[in-house]
Amino acid sequence: MKKIVLTGDRPTGRLHLGHYVGSLKQRIELQNSSEFDKIYIMIADAQALTDNFDNPNKVRNNVIEVALDYLACGIDPNKTTIFIQSEVNELTELTYYYMNLVTLNRLQRNPTVKNEIGLRGFNNSIPVGFLNYPISQAADITAFEATCIPVGVDQLPMIEQTREIVKSFNNIYGNTLIMPEAKVPDSELEQRLPGTDGKAKMSKSLGNCIYLSDDEETIKKKVMSMYTDPNHIKVSDPGQVEGNIVFTYLDVFAKPEDFAKYLPEYKNLDELKDHYRRGGLGDVVIKKFLNNILQDFIKPIRERREELQKNIEYVYDILKNGTNDAKIIANKTLKKVKKAMMIDYFSDDEFLKEIIDKYLE
Ligand code: TRP
């Protein structure tokens with residue numbers, strides 16, 4: 001069986017460090033591992049419209065922003081097919097057939113959807129399209145016969161829903177669809193990077209993000225105003241490391257060579273943490289250290305993005321070519337699905353034979 005990766009993002013904003021740590025980093029590793037026969041990354045504009053249907057400009061503008069972020073942080077169009085969801089109309093058709101296999105109750109039980117309904121204030125008037133998006137996600141995944149879906153933990157209920165649809169489809173119509181598996185980051189820290197304000201998740205709507213395209217000044221400002229330990233007031237006070245976001249980020253981003261480069265008085269993060277706990281280490285020192293590390297990390301991404309922006313027709317062509325490739329694959333799967341469901345009337349010679357036998361003999 002072929003090993004195929006598919007994943008995607010809703011284009012509702014530029015991508016940030018949470019996206020990078022929770023998913024982009026893994027995708028780039030998978031892409032460069034040469035373990036997979038094919039890798040797809042989808043810009044899920046149709047899904048973004050399920051809760052932004054009244055704001056089509058936002059979705060349209062962010063399609064390019066997200067594509068720029070992908071390419072800037074190392075998604076290589078020679079190894080990975082990047083495409084736009086809505087242009088692959090086969091996905092909509094698959095969704096329509098899969099809808100028969102899922103109950104309303106099942107959709108309403110999806111914990112991620114439940115949470116999002118609350119956040120968007122949809123409680124008493126849930127748009128059908130929104131509730132339905134896990135089914136369309138099953139179409140995205142199965143259309144490309146994807147086996148490996150690298151996602152953040154909040155997406156696990158979607159993959160579970162897809163697996164149920166695959167099972168049910170194959171039971172009813174015969175073995176047709178490929179069973180996918182989710183792949184989440186190994187460490188809990190990477191699964192959910194907190195925001196700069198200490199809140200559980202980095203999220204655009206909470207305004208606590210550091211973007212992969214932020215300029216130097218912006219990054220510095222965000223780092224210097226990060227949440228630390230509210231009881232660590234004087235430098236001499238003992239400080240808490242747990243729940244201190246600067247240390248959380250250092251856990252994720254600090255490498256041994258960063259100490260040699262920026263804080264040679266400490267050998268490693270443990271020594272730095274010990275000093276902070278004892279007291280005598282000010283927040284400014286650890287924030288400056290983190291700032292240096294994040295600047296080093298984001299600078300090449302930002303610079304590549306600026307190059308790509310100057311070459312925007314190249315980015316357009318990548319999306320256009322990727323989408324064309326994706327359509328060919330999705331169409332093959334749609335044909336298989338229609339055949340299995342016996343709705344392939346004109347591409348199936350048997351159909352004509354059947355009706356002749358039935359009505360003319
Ligand atoms: N729901 C995903 C998100 O919000 C985006 C997405 C759409 C996706 N279709 C997908 C992810 C298929 C993985 C596989 O980020």
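Okay, starting with the second largest pocket: 14 residues line it, and V63, I84, E87, Y316 and L319 lie nearest its centre. By pocket I mean, on a 1 Å grid over the protein atoms alone, an open set of points where a 1.4 Å probe fits, with protein on both sides within 12 Å along at least five of seven lines; lining residues have an atom within 4 Å of a point.

Quick caveat: this is a predicted model, with local features needing pLDDT of at least 70 and side-chain atom pairs pLDDT 80 or more, while totals for chains, interfaces and linings use all residues. Numbering runs from 1 along each chain as its sequence is written, and side-chain values use heavy atoms, leaving out hydrogens and water.

Back to that pocket. Helix α16 gives the largest share of its lining, six residues.

Now, the largest pocket. The ligand sits there, meaning more than half of its atoms lie within 2 Å of the pocket's grid points. Around the ligand are 13 residues, with M42, Q47, Q137, D140 and Q155 the closest; the shell takes residues with a heavy atom within 4 Å.

So what does the side chain of Q47 do? One of its N or O atoms is 2.7 Å from a ligand nitrogen. For D140, a side-chain N or O atom lies 2.8 Å from a nitrogen of the ligand, and for R10 the distance to a ligand oxygen is 3.2 Å. How much of the ligand gets buried? The protein covers 91% of the 370 Å² that the ligand exposes taken alone, by Shrake-Rupley with a 1.4 Å probe.

Key:
A polar contact is a pair of N or O atoms within 3.5 Å; within protein, one must be able to donate a hydrogen and the other to accept it, and residues adjacent in sequence count only if both atoms are side-chain atoms. Helices (H or I, at least four residues) and strands (E, at least two) are DSSP runs, numbered from the N terminus.
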